[in-house]
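Reader: Hi! Could you walk me through this protein model?
Author: Happy to, here it is.

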Amino acid sequence: MMASIRRAVARNALFCYAPIAPIVRGRPRLLCPALSQFRAFRTTSPRQQQLDAFPSLLENARHAPFITSQKPVANPQTITEKIVQRYAVGLAPGKKVKQGDFVTIRPACIMTHDNGWPVAKKFMEIGASKIHDNRQVVMTIDHDVSNESESNLTKYRLLEEFATKHGCFFSGKGQGIGHQRVIEEGFAWPGALSVASDSHSNIYGGVGALGTPVVRTDAASIWATGTTWWQVPPVIKLTFTGILPVGVSGKDIIVALCGLFNNDEALNHCIEFSGSEQTLASIPVDDRLCVSNMTTEWGALSGIFPVDDVLVSWYRAKASLAAMLNTSTQERINHERIDGLLENRPTADPGAVYAKELYLNLSTLSPMVAGPNSVKTVTPVAKLETEDIPVDKCYLVSCTNARASDLGRAAAVFLEAGVDGKAAKVAPGVKFYLAAASLAEQRIAEEAGDWQVLLDAGAQPLLSGCGPCIGLGPGILEDGETCVSSSNRNFKGRLGSAKALAYLASPEVVAASAIRGKIAGPGWYQKPEGVEKVIIGEGSGDHIVDRTRSFESAFDKMINDVDAMIAAAEGAEGAAGEQLQKPVSNEETLTEILPGFPEMVEGEIIFCDTDSINTDGIYPGKYTYQDDITKEKMAAVVMENYDPEFQAIAKKGDILVSGFGFGVGSSREQAATAILAKQIPLVIAGSFSNIFSRNSINNGLMGIEVPDLVRLLRESFKDDPRKPLTRRTGWKLRWDVRRSKVVVTRKDGSIWEQKVGEVPPNVQDIAKAGLEQWVREKIKAS
């Protein structure tokens with residue numbers, strides 16, 4: 001009886017849709033660039049505030065309520081800014097949080113997974129003895145759950161004992177992937193700021209939370225003090241139009257976004273999704289979770305869906321189930337809390353300013369596949385079917401696409417392809433691996449019969465956890481193999497061998513591919529008449545509104561240009577008068593250098609001429625959870641997946657220069673510490689992933705963005721037919737920190753120099769010895 005009730009409630013949670021509140025359209029700001037870690041600290045004053053009093057905290061502005069009416073407000077905020085406002089501490093009275101501000105945050109939740117024990121060791125090493133607020137802390141085990149080695153089991157035991165000692169929520173081996181556990185246990189909540197020491201924390205945006213990643217040292221800081229630092233990223237408003245067609249899923253939405261907006265449009269941005277009532281009602285909550293999860297691969301730092309009646313109905317079903325089963329989940333997911341949410345739904349203010357506005361017409365989507373080995377390359381499955389690409393392994397795994405609804409759709413593909421009511425079988429020679437996002441989701445699939453359908457078809461079940469998605473445990477890719485996976489990341493070497501090919505697709509495509517032995521779809525999608533391509537673009541997708549905005553923007557620009565001309569003329573007159581009184585000073589502004597921070601960094605440039613070198617390329621995932629690995633071993637494997645020759649080419653003291661989007665991918669801090677282990681003191685790139693920049697600052701690796709240097713190197717070596725992945729250039733670079741300038745001496749003796757972003761004392765204070773030491777000193781002083 002109870003099983004049937006639970007099944008009915010679960011089904012209602014998966015497929016219940018209802019009307020939503022209207023979305024307010026903000027004015028477009030299409031050309032604002034993302035703020036880099038260092039540029040945003042720039043100041044004209046030689047003295048800087050310390051980290052606990054960022055310059056942005058000292059500005060005077062009217063206080064912003066978290067939820068507002070639709071009446072015009074002064075200094076309107078986006079949903080992201082409002083959530084940060086709610087969870088920021090130490091703001092000056094009346095200060096309104098805006099994009100670009102550096103703030104101290106106290107998140108509602110901080111989740112760790114297998115990296116929790118290294119975080120615990122950091123916590124103890126900095127002198128902390130008590131978790132600041134154990135209600136914030138969620139500890140899970142999910143990444144390397146098939147590893148039965150004594151060292152791994154000891155780590156798991158120590159972490160559980162630590163959690164028990166401090167009264168923290170603990171989810172053990174086999175209970176599920178940490179992100180899914182945070183969501184199903186109600187720790188991520190609409191309108192809350194929830195973080196995790198994992199790059200896919202963006203997933204919490206699927207339930208209307210601001211989910212964003214932090215790194216291990218941040219996690220230790222939050223455990224010890226309840227807080228860490230954060231810069232509010234620029235925000236993109238992405239409007240969905242149309243209706244998601246039958247046979248098209250959330251995976252197809254995010255794969256399309258990654259592959260069609262593939263010029264780093266979303267890099268280091270927060271995304272706020274919007275759309276009409278009808279449009280959003282076509283995207284179930286589980287599909288929203290998939291989309292938000294993979295905004296990480298798109299380069300974004302969060303991806304928030306609106307709090308609408310679809311989401312509220314989903315939570316109502318969860319609350320009813322928790323109450324009927326009398327589980328501890330009802331402490332966090334209950335009808336009273338949902339009632340409070342309805343009274344204060346997070347919405348953007350009218351006129352909220354966005355860095356960019358983009359749109360995607362869902363009605364023009366078809367089933368898509370990403371790859372091989374890149375999310376930026378996408379192809380309709382219908383086209384790939386004609387290419388007869390054989391697959392060796394299929395994966396229905398991960399926190400992206402292994403919930404009960406995903407398993408149900410995959411089971412339906414097998415049943416439909418079968419005969420006489422029996423499911424089709426996995427094709428000969430193909431291995432099909434299955435792992436639910438959590439044990440709770442597996443139980444729902446079992447009670448629905450879907451789990452057994454997949455097992456009968458030939459699926460090989462794995463313990464609920466990350467496993468193949470992170471390249472750990474049984475079934476990972478071997479040399480020369482090709483796979484299609486429902487997971488989130490297909491970087492070279494991510495799912496196993498760097499000599500394998502990995503494609504990403506929806507559960508339906510994974511199932512159909514397993515049956516046919518090649519990349520294929522189930523045939524559910526029927527192309528609408530007149531649809532020839534995916535419709536995307538800048539703006540809201542409403543061409544009349546966008547045309548009106550363009551006129552308004554042009555008018556605003558004309559007024560601003562006139563104002564600037566008047567100001568320039570007045571300034572010229574004033575300057576002429578002042579010229580008689582005192583000469584113009586040519587003295588350059590110097591940055592104060594704190595004791596212990598270098599004034600100068602010099603070395604030979606080694607050039608890795610590739611964009612979007614990801615964290616799996618910098619530090620392979622198979623080493624990430626080997627907590628006893630030595631610095632010498634880290635130095636020996638750094639950049640291994642990117643270029644096996646890097647180890648022999650790079651030398652102590654070299655300066656690494658790479659392309660744009662350096663360090664995209666996971667939150668693993670070893671991407672920074674392994675470069676330091678190789679004794680490379682400085683990394684220069686056209687742009688950095690925010691999470692890599694954060695890890696670099698927290699661990700004392702210096703990084704600066706100099707896009708013109710990248711372009712200069714590319715132009716200078718463009719005619720070299722060798723095209724090495726790693727090049728010793730023979731060029732010498734000197735970074736003058738005090739003068740915020742880089743000077744490059746080429747092999748022929750010619751000089752190239754450029755001003756760069758300042759590294760002010762409040763960043764130096766952390767970077768000179770790392771955030772861990774900074775927190776240790778704060779604890780001693782308190």
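Predicted model: local features only at pLDDT ≥ 70, side-chain atom pairs only at ≥ 80, totals over all residues.

Reader: Great. How many helices and strands does the protein chain have?
Author: There are 25 helices and 27 strands, taken as DSSP runs (H or I, at least four residues, for helices; E, at least two, for strands) and numbered from the N terminus.

Reader: And what share of the chain is buried?
Author: Of the 782 residues, 60% are buried, meaning under 20% relative accessible area with a 1.4 Å probe, protein chains only.

Reader: New topic: which residues of helix 3 and helix 6 meet?
Author: G116, P118, V119, A120, K122 and F123 in helix 3 touch R216, T217, A219, A220, W223 and A224 in helix 6 (contact is heavy atoms within 4.5 Å).

Reader: At what angle do helix 3 and helix 6 pack?
Author: About 60 degrees, with the axes 9 Å apart; axes are lines fitted to C-alpha atoms over the stretch in contact, and angles run from 0 to 180 degrees between N-to-C directions.

Reader: Last one: how many residues of helix 13 are buried?
Author: 10 of the 14, so helix 13 is largely enclosed by the rest of the structure. Among the buried ones are D406, R409 and F414.

Key:
Residues numbered from 1 in each chain as written. Heavy atoms only, no water. Buried < 20%, exposed > 50% of the residue type's maximum accessible area, 1.4 Å probe, protein only.
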